[in-house]
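This report describes selected features of the structure shown below.

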Amino acid sequence: MEHAWIAGKPAALAAALAEAGKLLGSSRYPLIAGLGTDVAGARAAIALAESTGAVIDHMNSGELLRDLDVMRSSGVMLTTPGEARLRGDTLLLVGPRLVEAWPELPERLFGSLRPTGAGAVERRIFWLCPGDDAEIPAAGGRKTVTFGKEVKDLPALLAALRARVAGRSTGKVGVSGKVLDEVASALKAARFGVAVWSATALDALAIEMLCGMVNELNAKTRFSSLPLAPPDNGVGVLQTCGWITGFPMRTGYGRGHATHDPWVFDSQRLVRSGETDCVVWISAYRAVAPEWRESPPTIALARRGTTFRAPPSVHIEVGCPGIDHAAVHHLASTGTLAPVAAAQSSGTISAAEALTRITSSLPDKEARPC
Amino acid sequence: MLTRIAGGRVIDPANGRDGVGDIWISGGRIVEPPQGARAEATYDAAGKIVLAGAIDIHSHIAGWNVNTARLLLPEYHAVAEPRPSVTAASRIGLNSHATGCLYAAMGFTTVVEPAMSPHQALQTHLELADIPIIDKGALVILGNDDYLLGLLHAKEGEAAVADYVAWNLDASRSLGIKVVNAGGAAAFKENVRSFSFDDVVPSYGLSSRSILKSLQRAVNGLGVPHPLHVHCNNLGLAGNAETALTTISAAEGLPLHLAHLQFYGYGKEGERGFSSAAAPVAEAVNATPSVTIDVGQVMFGQTVTISSDVLRQFNARNQARPRKWVIFDGDSNGAGIVPYDYRRNDFYNAVQWAVGLELFLLISDPWRVFLTTDHPNGAHFATYPEIFALLMSRDLRAQWLAELPPAAVAVTTLPSIAREYSLVEIATMTRAAPAKLLGLADRGHLGAGAVGDVAVYENDPDRAKMFRAAALVFKDGELVVRDGEVVSYRWGRALTVRPDRDRAIDRRMRAYYEDRYGLSDELFRVPEHALSRPEPFELVPCAR
């Protein structure tokens, strides 16, 4: 059963798609935002952006670009959830809300290490600034060492820890030098250590500090890192944008070719400044409406149950990837783009199909050849 | 539709043809000249050169590593978009669309992505599927994977290794097997910092040699047409010609392909302890008929190195130009993305440039040496036309040599080499030979039954200009390029092999993934439906 509305009134799906095409056809500066969709949806969204000169942005671009900005301005060492699970004898968890970012984290990473040829090794876990509400795990009976109470102290503590790892002295930072030294020597004694964080809770400078420390630890031992992916297939959409446009999200086609600018093409800014005159909001994984208070003309492709501040100009219920339809998206457990079957195939239109049908209904502009 | 390409000089080494004549295409395939039939479309090729579509056997064009390079270097792509062909730097961030267009414009119709990590196979294929016009294929990397090393450690026997190799080829939809610094990525995870052919991966007690030999036997035994594709140990290091010579002698009469050999052509002579050792390496290749190589030519300018040789990339990360990099310890593999700028006035870079050309010119059999730049590691693939020109003109090489540091020129043999490639040799190296090497019976030639992939060039004495922009390119019999401009688009296919295997390996792999990763092996396979293209794959037959 399809569910679609035009200006809040129930409408046939075909009529809603046609209305969306009409709105986009007359838009001067469309924005495709949210972008919570699978790889097929991201491909279709980019094709629509190319056809209409639109901007593409993702609802979690902030986090994604914080990690990416560190990568594209310095050096990063990365590993997979699989290697962290199998080889990570020392885990350095950094910042709060990690289990919220990856609910399977305790199950995947906190268990005992498998015995290897070199004998059994107990995993050691250190958690910097876990926050008040974190459930602190015990790995294989060994207590997790937590340090740092206030999350706001995290950057200073991270800097102090990096200094201690490098054998430099530090000023007062709210954690005793003894504890910092204990952690620093444990990190240096790791055989294969892994730093884990979520950019939701860290700023780019803290991430850069952490990545710098991980690099320095590799002077003597092996250490890598596992930034946790934000929800709504953020990493999958990032990768898809990468190979199709050459850029991450926050990329616009207004000039007829892709240009990337994290500030100019920030969807919040484009809406609040009134620059965009038509928004395509995509949230296929969760019933999430845009955060902005403004109500620009909006074409919403959203999961069942999404409520908006004002009725969107067009609202089409779309299926959830991996539930209503088969999909390819990023999985936290594999760290890769992976195929997922439909858990409960429903026939609800996918975001990809809705977007493709909207694109093909557009008045004949100079569309991308393929 | 019956198409005739009329009156060009047809150079088709696979069929021993070199002369003025016609090529006829019908139903996407080349056909015998039909008796009394009229072509529905005739293209005048008088005075032009008619070749089969070119085949690139080793070019990093898709997958997480390549995409990470794009995301690492947005500044280069920003330069590229508005003016795609202006500068070398502007070519670096190529997206999938531009990759297909640029290859097609040069007359290339089949390209192999040589470094697909098994667990990232789906992303690689998604990217390949978004590259228009050309057909593709991918080599899957084994040799650092726990399952294989476990089999070898436990001395499970050749049949078990072969079944596992066959399972990987099928699961990842590959055209062949590559091994990258066999055991090196696994050893690096155990904090090993240098790794040679007879060094041992600590946990498994296996030498690089033993891993390579097992894979070589498995690939050969399965009848996979493409020989084991080898990225040797010690890439880029002074004196590593020894590694190349040792690896060549380890072929032991069985087929073995050594990738980007230029990066292993270095001696330790001269004041700086870095010199060309291309001559002895080329001599060894000439004397070892079961070995094929591609060059990995260096050309000057900004590029980015993308390699699964994580150990090498880790050690090179502090030479990054500009200073940023990604080092990845992956599942059973590794990767490193390190930007680099090859400079004409840099002693080492100049030697590297010369070593590549020496290998091209000193290896006598054009059926066993292949044009690559190890794109983008030695240079962007868009530099191929300049390389053709250098191979075809001693005078042009002399002009380039005159601009290089004399100290660099002094430690190479390049100035003394008179050989100039003929068009027939170019056609062999880029068409007939790669088709043979990959087992593609219906490609790389212009005989009846071949795929209708044809490239027509102006016979311009400026060879770089000639090869940069083909006059006409046909893909599956359809005109896709005219005067270097894409005139129509289509989606290509990915070429795969699927040798027979004992299906018991499927159950063993399922159990292994559940046990080791706590995950289903299905999450790492490449299902056809995931690619949302009508026919994404084309199966290439195996010998048995």
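## Parallel sheet of chain A

In this predicted model, chain A contains an open sheet of five strands with parallel pairing, ordered E10-E7-E6-E11-E12. Strand E10 (145-147) and strand E12 (222-228) of chain A form its edges, each pairing on one side only. From one strand to the next, the twist averages 15°.

## Contact between chains A and B

The two chains meet through 47 residues of chain A and 44 residues of chain B. On the side of chain A that touches chain B, 23 residues are nonpolar, 20 are polar and four are charged.

Strand pairing also links the chains: strand E5 (residues 75-79) of chain A and strand E18 (residues 325-330) of chain B run parallel and are joined by five bridges. Here A:Thr79 stands opposite B:Asp329 in E18(B).

## Helix pair in chain B

Helix H9 (residues 241-249) and helix H10 (residues 278-286), both of chain B, have axes that come within 10 Å and cross at roughly 5°. H9(B) is therefore roughly parallel to H10(B), as angles under 35 degrees are classed in this way.

From H9(B), the residues B:Ala241, B:Ala244, B:Leu245 and B:Ile248 meet B:Pro280, B:Val281, B:Ala284 and B:Val285 of H10(B). This contact comprises eight nonpolar residues, with no polar and no charged residues.

Notes: Residues are numbered from 1 along each chain as its sequence is written. Chains are lettered from A and ligands numbered from 1 in the order in which they are written. This is a predicted model: local features need pLDDT of at least 70, side-chain atom pairs count only at pLDDT 80 or more; totals for chains, interfaces and linings use all residues. Axes are lines fitted to C-alpha atoms, for helices over the stretch in contact, and angles run from 0 to 180 degrees between N-to-C directions. Helices (H or I, at least four residues) and strands (E, at least two) are DSSP runs, numbered from the N terminus. Angles under 35 degrees count as roughly parallel, over 145 as roughly antiparallel, 65 to 115 as roughly perpendicular and the rest as oblique. Two residues are in contact if their C-beta atoms, placed from the backbone, lie within 7 Å. Ala, Val, Leu, Ile, Met, Phe, Trp, Tyr, Cys and Pro count as nonpolar, Asp, Glu, Lys and Arg as charged, and the others, Gly among them, as polar. Two strands pair if DSSP finds at least two bridges between them.
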